[in-house]
Amino acid sequence: MEYKYHIFAPYRVCPLGAHVDHQHGLVTGFAINKGVDLWFNVRDDGMVNLSSRTFEGDVSFGISAPSQVREHHWGDYARGAKYALKKRFKLTRGIDGVIQGSLPVGGLSSSAAVLIAYVMAFAKANDITLQPFEVVRIASDAEREYIGLNNGLLDQACIALGRNDGLLFLDCDSNDWRIIKRNPAMAEFEIGIFFSGLTRSLVNSDYNLRVYECKTAAWNMLAYTEQPLKTFDKTFLRDIPKTTFEKTRIAMPARFARRAEHFYSEYRRVRQGVTAWETGNMKLFGKLSFDSCESSIHNYECGSPELIAIYEIMRQLPGIYGGRFSGAGFKGACIALVDPAYKESIEKELTERYLEQFPEYENTFQVFWVTPDDGARFC
C-alpha cells in the first residue's frame, strides 16, 4: 500500500537525570537517530486499522468510540493515544497505518516514541495543530492514565523536543526547557547502546513501586517536621528542601532515605552536568553520568545483574567518557558516551567480557552506535 504520511519518532537516551522526573526533578536527554516509523493514510469513516512490522497481529477500533480497557497488546498504545487526545479534542477521522521500530525494545523509551507517533498521526488526521510540548503532555497522559506507568515527562520531552546539535535540559517542576548547544571545544562523541539481551515491561517491573517509595520518603519528611501532608498525587520530593532531608533521614526507614538520597544527589549532578556541557567538558560530564548510575544501583536499587555487569565493564574501558543504565534500569540496555576512535575496541572488549559472564545471551546481546537527532517529525 502507498502511504501519504510518514512520522519518525526517535528513541531517547538520558545521560543525567534518571528516576527523578516523576518527583519534578531536573533531567537531560537526547533524541537519537534510531526510532519508530509510522506510515499512514487518513480515513474519513473514523476507523483506525494498524499493523506492525515488529509485533504480530492487527489492530482495529473506532476513533470516536469510548476508550475500552487495556488488552495488554501492542495496540494499547494506539488506543491510549486516542484516549488522551480525545479528552481535549473531537476526533472523527481515523487512519490506516503500519508501524515499525528500528532497535530491540528495552531501555530507549520505545513506548513513549510509539505514543508520540500515534498522537501526531491522529492529530494530523483530524486537522489538529499541536505545539511540541502539547504532544509531550498528551503522550504522557496516555502513558500514565491508560497504559498505567506513573512516569514524568522525561521520555516524551526528549523524543518531541530533542535537537541533533544540543542537549535537552528540562525542569520537570516548572516544565521550562532549553536546548544547550554543543560547545565547539567539546570532544567528539557517539552514543553506544549495549543491549543486555533482555527486554522488559516497565508496568510489570518495580518502576511504579519506586515512584511510591519516593513519595513515601517525602511524606516521612513532612510528617517528622510536622508539616501538613498533601495527597499522594501532589507529593513530590522537589517540594522539600534538602536541609529537611538531612534532618530527618536518620528517622525514616533506610530504603526511603536511599530513594531520597538519589533524588537530591541527582539534582546536584544534573546542575553540575549542565555546566560541564556548557563549557565543553565531556570528561566531567561523562564522570557524572557514571556517578548517576552508581547512585541508581545503590540508592535507587535498580539494575539487573546483566546491566550492572555491563556498567562495571564500561567503567574500565578506554574511550568511554561515561554512561549508565538506559530507561528504568530493570533490564534493557546501557548507554555510553564514547570517543569514536575507540568504537571498535570497545565493542570487541565489552562483548567478550559480558558474554564470559552471561553466555546465555550470545544470540541476543547487541551493540549499536547512534548519534543525537532532532525530535519527532513528519518526513
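1. A charge is taken to sit over a ring if NZ of Lys or CZ of Arg is within 6 Å of the ring centre and within 35 degrees of the ring normal. In this predicted model, the charged end of arginine 53 is placed over the ring of tryptophan 39, at 4.7 Å from the ring's centre.

2. Lysine 124 is found over the face of phenylalanine 378, with 5.6 Å to the ring centre.

3. Aromatic pairs in the structure number 21. One of them joins tyrosine 118 and phenylalanine 122, whose rings are stacked, with 6.2 Å from centre to centre and 15 degrees between the planes. Both residues belong to helix H2 (residues 110–125), where they are four residues apart and hence separated by about one helical turn. Tyrosine 118 is buried, its relative accessibility being 1%. Phenylalanine 122 is likewise buried, at 0% relative accessibility.

4. Phenylalanine 195 and phenylalanine 368 provide an edge-to-face pair, with centres 5.9 Å from each other and 85 degrees between the planes. Phenylalanine 195 is part of strand E8 (residues 190–195) and phenylalanine 368 is part of strand E11 (residues 366–370), so this pair ties together parts that lie 173 residues apart in sequence. With a relative accessibility of 2%, phenylalanine 195 is classed as buried.

5. Aromatic residues also gather in a group. Phe30, Phe189, Trp277 and Phe285 together make up one aromatic cluster.

Terms used: Residues are numbered from 1 along each chain as its sequence is written. This is a predicted model: local features need pLDDT of at least 70, side-chain atom pairs count only at pLDDT 80 or more; totals for chains, interfaces and linings use all residues. Side-chain values use heavy atoms; hydrogens and water are left out. Rings of Phe, Tyr and Trp (its six-membered ring) pair if their centres lie within 6.5 Å; planes under 30 degrees apart count as stacked, over 60 as edge-to-face and the rest as tilted. Helices (H or I, at least four residues) and strands (E, at least two) are DSSP runs, numbered from the N terminus. Buried means under 20% relative accessible area, exposed over 50%, partly exposed in between (1.4 Å probe, protein chains only).
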